[in-house]
Amino acid sequence: MRISRASRFGGVTRVPGDKSVSHRALIFGAISRGESRVTNLLASADVRSTRDCLERMGVVFREDRDGVRVIGKGLRGLGAPARELDCGNSGTTMRVMMGLLAGQAFSSRLVGDESLSRRPMRRASEPLRSMGAEITLAKEQFAPVQIHGKRLHSIDYELKVASAQVKTALLLAGLYADGETVLRGAVGSRDHTERMLPFFGVELEKSPGRLSIRADQELSATDVVVPGDPSSAAFWLAAACLVPGGSVEVEGISLNPTRTGFLEVLRRMGARVEEQVSVREPEPVGTVRVSAPSGLRGTVVRPEEVPSLIDEIPVLAVLATQAEGRTEIQGAEELRVKETDRIEAVAVNLRAMGVGLETFEGGLAVHGRQLLRAAPIRTFLDHRIAMAFSVAALVAEGVTEIDHPECVSISYPDFFETLERLVR
Ligand code: S3P
């Protein structure tokens with residue numbers, strides 16, 4: 001894919017459905033009693049992986065005009081998969097499935113692509129094992145994941161990593177345990193699971209730093225309207241701030257406070273950010289308008305903000321190159337174990353474009369403003385690296401070449417079509 005410098009950027013757009021909400025809607029629908037309709041489901045490779053895994057356990061999905069209907073099997077209705085379950089590139093699929101499968105009356109095996117097979121799975125298997133789960137990982141850490149399903153017992157567990165995938169896995173496992181499962185510590189990651197489960201009739205207790213769920217609660221089917229993905233919208237918001245005179249309006253995105261850290265950072269950097277909420281339950285949803293008429297200035301992203309903007313950091317690093325002064329991102333070591341080592345991938349590509357930056361274990365620092373020069377971009381098959389550097393290309397001198405642009409299909413299949421429309 002070749003991308004030239006843009007002389008304009010803007011317009012009104014929508015973005016595809018939220019990836020996190022889409023995975024959860026399919027999984028919760030699958031173990032519900034009754035038929036759930038999911039509207040605006042993200043049609044991407046990662047969500048397809050979740051659907052394929054569920055289909056192999058006997059779940060039926062039917063497309064109709066308004067979306068996808070999930071024919072629920074009830075809490076104990078999933079069937080033993082005849083073959084291994086392929087999670088593709090999707091960390092959410094694999095970790096959440098571990099929690100779902102640990103307490104089933106059958107065995108299963110989860111596999112993933114090369115990137116997923118290098119990502120840490122112990123963060124999910126360890127607490128699940130303390131619930132009595134029988135899970136074997138390759139080299140004690142990685143996929144393939146072998147699960148021997150059995151009745152679990154409840155735990156009181158302190159989460160060490162602020163991971164919504166792990167939190168969701170444990171809450172699901174808690175449904176197949178024998179009492180009340182309590183999670184403490186790093187429970188402040190994205191809270192789509194906690195918001196959505198009560199709509200499926202599940203009672204959950206939430207208080208600051210604590211979450212608990214009772215076992216054996218049957219889910220009842222419900223309809224889910226998936227909001228637009230704020231992590232996909234971030235690319236357009238960033239582009240509007242970078243291209244001189246740019247401005248964009250993105251409609252219908254999730255404004256869930258556990259996902260809006262990027263908007264706060266844009267404000268601190270001097271951008272004009274307007275939010276208009278139109279729906280409040282189960283998640284705030286609305287329109288966001290962004291422009292940066294007086295340019296950007298550097299900022300510090302603190303460790304406690306990171307979970308609320310983790311997937312937006314690659315494009316934030318691109319913004320930092322065009323902000324006056326120093327931008328530093330701290331406490332983001334989780335980026336090292338995403339689809340690729342995103343700190344390294346950002347550094348390699350920014351350096352290729354002529355940018356000087358510092359990297360450290362938990363983040364990076366950039367001193368702006370620096371000139372970007374077109375360069376061959378290495379995506380490492382990571383969708384967010386491909387999209388972040390497509391945005392960088394809009395302000396680079398020359399024509400930027402992105403390798404493996406098709407990897408955007410993991411979360412945003414029509415990214416390049418929308419890009420073309422917004423630069424026209
Ligand atoms: C996700 C949680 C985050 C995020 C990922 C989706 C989810 O990962 O980066 O894109 O849907 O729960 P972690 O749980 O590893 O923080």
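Biologist: In strand E26, which residue is the bridge partner of arginine 2?

Modeller: This is a predicted model, in which local features need pLDDT of at least 70 and side-chain atom pairs pLDDT 80 or more, while totals for chains, interfaces and linings use all residues. Residues are numbered from 1 along each chain as its sequence is written, and side-chain values use heavy atoms, without hydrogens and water. Strand E1 and strand E26 (residues 399-402) run antiparallel and are joined by 3 bridges (strands are DSSP runs of E, at least two residues, and helices of H or I, at least four, numbered from the N terminus; pairing requires at least two bridges). In E26, the partner of arginine 2 is glutamate 401.

Biologist: Which residue of E19 is the bridge partner of valine 273?

Modeller: A further open sheet has 4 strands in the order E2-E17-E19-E18, again with mixed pairing. Strand E18 (272-279) stands at one of its edges. E18 runs antiparallel to E19 (residues 285-291), with 7 bridges between them. In E19, valine 273 is partnered by valine 290.

Biologist: At what angle do helices H3 and H4 cross?

Modeller: The axes of H3 (residues 91-102) and H4 (residues 122-130) come within 9 Å of each other. Their contact involves Arg95, Met98, Gly99 and Ala102 of H3, with Arg123, Ala124, Ser125 and Leu128 of H4. The crossing angle is roughly 20°.

Biologist: What phi does glycine 209 take in the hairpin of E13 and E14?

Modeller: Strands E13 (residues 204-207) and E14 (residues 210-214) pair in the antiparallel sense over 4 bridges, and glutamate 205 has serine 212 of E14 as its bridge partner. The hairpin has 2 residues between the strands, and glycine 209 takes a positive phi near 75°.

Biologist: How many helices and strands are there in the protein chain?

Modeller: The C-alpha atoms fill a box of roughly 60 × 45 × 40 Å along the principal axes. The chain contains 12 helices and 26 strands.

Terms used:
Axes are lines fitted to C-alpha atoms, for helices over the stretch in contact, and angles run from 0 to 180 degrees between N-to-C directions. Contact means heavy atoms within 4.5 Å.
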